[in-house]
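Q: I am new to this structure and would like to go through it with you. Could we take it step by step?

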Amino acid sequence: MQKLSKNGFIQDPDTLDTLPRRELAAGYAEVAKYGLIDDPAFFAWCEGNGAKLIAGDPSVRAPAIATSVASKARIVAEDERETTGRRALLNLGHTFGHALEAETGFSDRLLHGEGVACGMALAFRFSAAQGLCSVEDATRVTRHLEEVGLPGTLAAAGVDADGATLVAHMLHDKKMAGGRLPFLLARGIGETFVAKDVDLAAVATFLDGER
Ligand SMILES: [Zn+2]
């Protein structure tokens with residue numbers, strides 16, 4: 001029985017009732033992601049309703065699904081031929097998240113959505129550390145993900161690896177093109193952008209500081 005597709009997309013609302021809370025929370029990470037990408041009003045909605053959504057409150061399920069589906073369709077349509085880079089925004093949290101998943105062996109230790117959640121929190125904190133985004137916004141992202149039971153820190157994700165190890169995992173990410181690793185960073189909540197010239201040594205140093 002397929003309930004969530006590979007990217008966590010909700011396919012059949014009724015099957016959500018049969019999912020354990022942990023998997024619902026993991027799927028929810030990719031819902032909140034749409035607010036963080038380019039829809040700050042939706043992120044604010046998530047802050048007010050995310051916990052209810054994960055708890056199975058049917059009154060918030062339909063709007064969450066509708067917004068997620070519409071956001072994904074809109075972003076894909078804006079970059080149908082993958083030429084503008086806009087479509088890559090859908091990968092917010094996935095480069096950091098991939099490293100965490102690799103470090104935990106792509107296992108039940110860290111579900112994909114949990115890796116993405118922690119990855120989004122890391123992307124915002126790294127953005128703040130780089131002076132791109134306010135510390136307040138980064139804190140808000142981390143706080144909300146933790147409030148709904150998702151990991152917002154390396155420790156919460158069960159990852160103890162150093163920065164160099166995690167960056168090495170990122171370099172195995174299949175999304176790497178031409179020897180460069182695009183990162184999805186943010187100027188604020190709902191202001192995600194593709195950063196193409198991120199210094200991997202700075203990422204490693206940042207991750208060491210997160211331990
Ligand atoms: Zn994903």
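Q: Which residues does Lys33 touch, not counting residues up to four places away in sequence?
A: Lys33 touches Leu90, Leu92, His94 and Met120, where contact means heavy atoms within 4.5 Å. This is a predicted model, in which local features need pLDDT of at least 70 and side-chain atom pairs count only at pLDDT 80 or more, while totals for chains, interfaces and linings use all residues. Residues are numbered from 1 along each chain as its sequence is written, and side-chain values use heavy atoms, with hydrogens and water left out.

Q: Where is Lys33, and is it buried or exposed?
A: Lys33 is in helix α1. Lys33 counts as buried because its relative accessibility is 4%; buried means under 20% relative accessible area, exposed over 50%, and partly exposed in between, with a 1.4 Å probe and protein chains only. Helices here are DSSP runs of H or I with at least four residues, strands are runs of E with at least two, and both are numbered from the N terminus.

Q: How far is Lys33 from Leu92?
A: Their C-alpha atoms are separated by 7.0 Å, although the two residues are 59 residues apart along the chain.

Q: What angle do α1 and α5 make where they pack?
A: Helix α1 (residues 21-38) and helix α5 (residues 112-129) pack at about 35°, and their axes are 7 Å apart. Axes are lines fitted to C-alpha atoms, for helices over the stretch in contact, and angles run from 0 to 180 degrees between N-to-C directions.

Q: Which residues make that contact?
A: From α1 they are Arg22, Ala26, Ala29, Glu30, Lys33 and Leu36. From α5 they are His112, Gly113, Glu114, Val116, Ala117, Met120 and Phe124. By class, the contact has 7 nonpolar, 2 polar and 4 charged residues. Ala, Val, Leu, Ile, Met, Phe, Trp, Tyr, Cys and Pro count as nonpolar, Asp, Glu, Lys and Arg as charged, and the others, Gly among them, as polar.

Q: Changing topic, how many helices and strands are there in the chain?
A: The chain has 8 helices and 2 strands. Along the sequence they follow the pattern α-α-α-α-α-α-α-β-β-α.

Q: How do the strands β1 and β2 run?
A: Strand β1 (residues 183-186) and strand β2 (residues 192-195) run antiparallel and are joined by 4 bridges; two strands pair if DSSP finds at least two bridges between them. Phe183 has Ala195 as its bridge partner in β2, and Leu184 stands opposite Val194.

Q: What about Val76: where does it lie, and what does it touch?
A: Val76 lies in helix α3 and, at 22% relative accessibility, counts as partly exposed. Leaving aside residues up to four places away in sequence, Val76 touches Arg87 and Leu90. Val76 and Leu90 are 14 residues apart in sequence and 8.7 Å apart in space, C-alpha to C-alpha.

Q: And where is Ala51 found?
A: Ala51 is found in helix α2 (residues 40-54), and at 46% relative accessibility it counts as partly exposed. Ala51 is 93 residues from His144 in sequence and 9.3 Å from it in space, C-alpha to C-alpha.

Q: Lastly, how much of the chain do buried residues make up?
A: They make up 50% of the 211 residues. Among contacts between residues at least 6 apart in sequence, 64% join residues at least 24 apart.
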